[in-house]
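Keep the 3D view open as you read.

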Amino acid sequence: MGAVVSALEGSDCDTGIASETVRALNSYWEQTRLLYSCFDPGVKAPDTSVYQHEMPGGQYTNLLFQAQSLGLGSRWNDVKDAYAEANRICGDLVKVTPSSKVVGDFAQFMVSNHLAADDVVERAATLSFPKSVVEFFQGYLGQPVGGFPESLRAAIIRDAPRIDSRPGATMEPFDFERLRSDLEEKWGPGSIRDVDLLSAALYPAVFDDFQAQRQKYGNLSLIPTPLFLSPLEVNQEIQVQLEVGKTLIVRYIALGPLHTDTAKRDVYFELNGEPRIVSVDDVSIQPEVKTRPRADPTRKNQLGAPMSGAVVEVKVAVGDKVKAGQAICVLSAMKMETVVGAPADGIVETLDVELNDSLSAGDLICTVGGASA
């Protein structure tokens, strides 16, 4: 912006914006960026490969952080190449939220599973795609220009319902009053504002998580950003204004020893001069690492995790009869969910995961008996 204002200054196209105003804005955002430097992905220069992968600028840094969290940081160039391939498979989309998320999830799925575009097309009927990709091919985001490649669409969505028109045209009217009643029953009478109601309607799982955190920790938006992101130093004193005329003065005194039986520590501080103690979880304590069996890629009846993630839902039990592609469990990682389907027809012989287990790509999920090994 500063470059444009300065370049046009004094010309017939002068913007009328004072350069001092632009410098003040620049200074503000430079300081703001320092507050969030712990989240900076480290992109220090332009990347001309954007002309090849066509990734939106805002998504570029988010996807880089996501890839690093999924263990794909060293394969970032592969992710960018896969992004271009995934975009072509989807029909060369106009990439804005949420369509850009579909392509990003698709790209990371391809890299995690060592898939090229031709492999995706050939093996689509047997792959466990990210939920966002399946919903895209179902038609939840609308119809792409030129339509879907029908053979690929059928292989990806299988028996899932499909939408062949504008999704909103067939939606039932939403009952906001019923949702408000349900939310107030869950979170307390009078606790749901209109903005909360809309958030819960659009992002129910995210809203529930937000409310649970708020009930546990209180309204953390009152804490200044630097203090929210970084721990206090011993004897550091802060002021938190709860409302006009009501300010808390908090001084951090000391951290107590670890209680090995609960993995908690006592934190000693002063609140408006009065001593206080609160017990907190010590998140630096690492749980014992569970050695997980790995799926044997040569055995077609074994199901391995298609990518890293936490098990957020288990849909079968040992002894259940399943069909190839039937949902076994749901994995979630960095806002990306993947419904993992059975590798073949048969009976679930072993189920090697439980709710909240953390898996790496290739970890064994289940073995289906009665299928050709």
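Start with helix 8 (131–138) and helix 9 (residues 150–157), which pack at an angle of about 130 degrees with their axes 9 Å apart. That makes helix 8 oblique to helix 9, given that angles under 35 degrees count as roughly parallel, over 145 as roughly antiparallel, 65 to 115 as roughly perpendicular and the rest as oblique. The axes here are lines fitted to C-alpha atoms, for helices over the stretch in contact, and angles run from 0 to 180 degrees between N-to-C directions. Helix 8 passes helix 9 in a left-handed crossing (the near helix is turned anticlockwise from the far one by less than a right angle; clockwise would be right-handed). As for the names, helices (H or I, at least four residues) and strands (E, at least two) are DSSP runs, numbered from the N terminus.

A quick word on ground rules. This is a predicted model, in which local features need pLDDT of at least 70 and side-chain atom pairs count only at pLDDT 80 or more, while totals for chains, interfaces and linings use all residues. Residues are numbered from 1 along each chain as its sequence is written, and side-chain values use heavy atoms, with hydrogens and water left out.

Two strands pair if DSSP finds at least two bridges between them. Going across, strand 8 (residues 327–333) pairs with strand 9 over six bridges, and Cys-329 stands opposite Val-340 in strand 9. On to the next pair: strand 6 and strand 8 share four bridges, and there Cys-329 is the bridge partner of Val-314. Finally, strand 6 (residues 309–314) meets strand 11 (residues 358–359) over two bridges, with Ala-310 opposite Ser-358.

Strand 8 gives the most to its lining, with three residues. Among the lining residues are Leu-331, Ser-332, Ala-333, Met-336 and Thr-338. By class, this lining has four nonpolar, four polar and no charged residues (Ala, Val, Leu, Ile, Met, Phe, Trp, Tyr, Cys and Pro count as nonpolar, Asp, Glu, Lys and Arg as charged, and the others, Gly among them, as polar).

On a 1 Å grid over the protein atoms alone, a cavity is a set of points where a 1.4 Å probe fits but cannot get out, whereas a pocket is an open set with protein on both sides within 12 Å along at least five of seven lines; lining residues have an atom within 4 Å of a point. Points are joined across faces, edges and corners, and a volume is the space filled by probe spheres set on them.

The largest pocket has a volume of about 1900 Å³. Of its 37 lining residues, the closest to the centre are Pro-98, Lys-101, Tyr-203, Val-206 and Lys-335. Helix 4 gives the most, with six residues.
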